[in-house]
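Please look over the structure below before reading on.

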Amino acid sequence: MTVRKILTEPDPILRQKSQPVDKVDDLTRKLMDDMLETMYLAPGIGLAAIQIGVPKRIIVLDISKDPEKKEPMYFVNPVIVSTSKNNITYEEGCLSVPGQFAEIDRPDRCHVKYLDYNGNYKEFKSEGLLATCIQHEIDHLEGILFIDYLSNLKKSMIIKKLSKQKKELERIVV
Ligand code: ZN
């Protein structure tokens, strides 16, 4: 498994729409293994392939709190079939929006269909934190970040801050 670099906002690649995976083969599984490794190290509880610069419709998640008991979940070509009318609010962050958090409302349940690690068709009904994570990650596949749900003012402040941090990080004196 290889740890990959996580892209951060502002990066135009994060705004790309990801393409469906034709076949879940060994290369797809290798990519999912790398994504999981990268996510655990970050650390985070979800990652979409586009966050490591691969525009494919793949997400990985692990919301188990116990590092001894890993419960990885893999979703290839996930599609939301339905969501509840009731919303739930979580303070969300994102590995591609480092150090920034905001309260976001999303439906508290979502029913998703997808292909699993072995390419088998699956359906899954999630609620609470897991439902929020799935929706957050599926947004990535459309080029959407959680900051897009904030007011323009708040969003532009965050992007400005991140751009400044990036410039400082890249500045080197040799
Ligand atoms: Zn994210």
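## Backbone, sheets and zinc site

N77 sits in strand β3. This residue is not a glycine, yet its phi is positive, at about 50°. Most residues other than glycine have a negative phi, and most peptide bonds are trans. The model is predicted.

Two cis peptide bonds deserve a look as well. One runs from E9 to P10, with omega near -5°. P10 belongs to the segment before α1. Another joins A42 and P43, where omega is about -10°. P43 falls in the loop between α1 and β1.

| Backbone item | Angle | Value |
|---|---|---|
| N77 | phi | about 50° |
| E9 to P10 | omega | near -5° |
| A42 to P43 | omega | about -10° |

L61 has M73 in β3 as its bridge partner. Strands of a sheet pair through backbone hydrogen bonds, either parallel or antiparallel.

Another pair is formed by β4 (residues 87–94) and β5 (residues 97–107). Their pairing is antiparallel and spans seven bridges. A hairpin of two residues links β4 to β5. N87 stands opposite P107 in β5.

**Helix α1 and the cores**

Which residues touch the most other members of the largest nonpolar core? They are M32, M35, L47, I52, I58 and V60, in a core of 16 residues. The elements giving two or more residues to this core are α1, β2 and β3. Helix α1 supplies the largest share, five residues.

M32 shows how the chain comes together here. Leaving aside neighbours within four places in sequence, M32 is in contact with V24, I58, V60, Y74, V76 and Y117. Another core, of 15 residues, lies apart from the largest one. Its members include I59, F75, C110 and I134. In a regular strand the side chains alternate between the two faces of the sheet.

**The zinc site**

Which protein atoms are donors of the zinc ion? They are SG of C94, NE2 of H136 and NE2 of H140, lying 2.1 to 2.2 Å from the ion. Along the chain, the donors follow the spacing C-x41-H-x3-H.

Both histidines, H136 and H140, lie in helix α2 (residues 128–141). They are four residues apart, about one turn of the helix.

How values were computed. Residues numbered from 1 in each chain as written. Predicted model: local features only at pLDDT ≥ 70, side-chain atom pairs only at ≥ 80, totals over all residues. Heavy atoms only, no water. Pairing = 2+ DSSP bridges. Donors = N, O, S within 2.8 Å, 3.2 Å for Na, K, Ca; no water. Core = buried A, V, L, I, M, F, W, Y, C linked by side-chain atoms within 4.5 Å. Buried < 20%, exposed > 50% of the residue type's maximum accessible area, 1.4 Å probe, protein only. Contact = heavy atoms within 4.5 Å.
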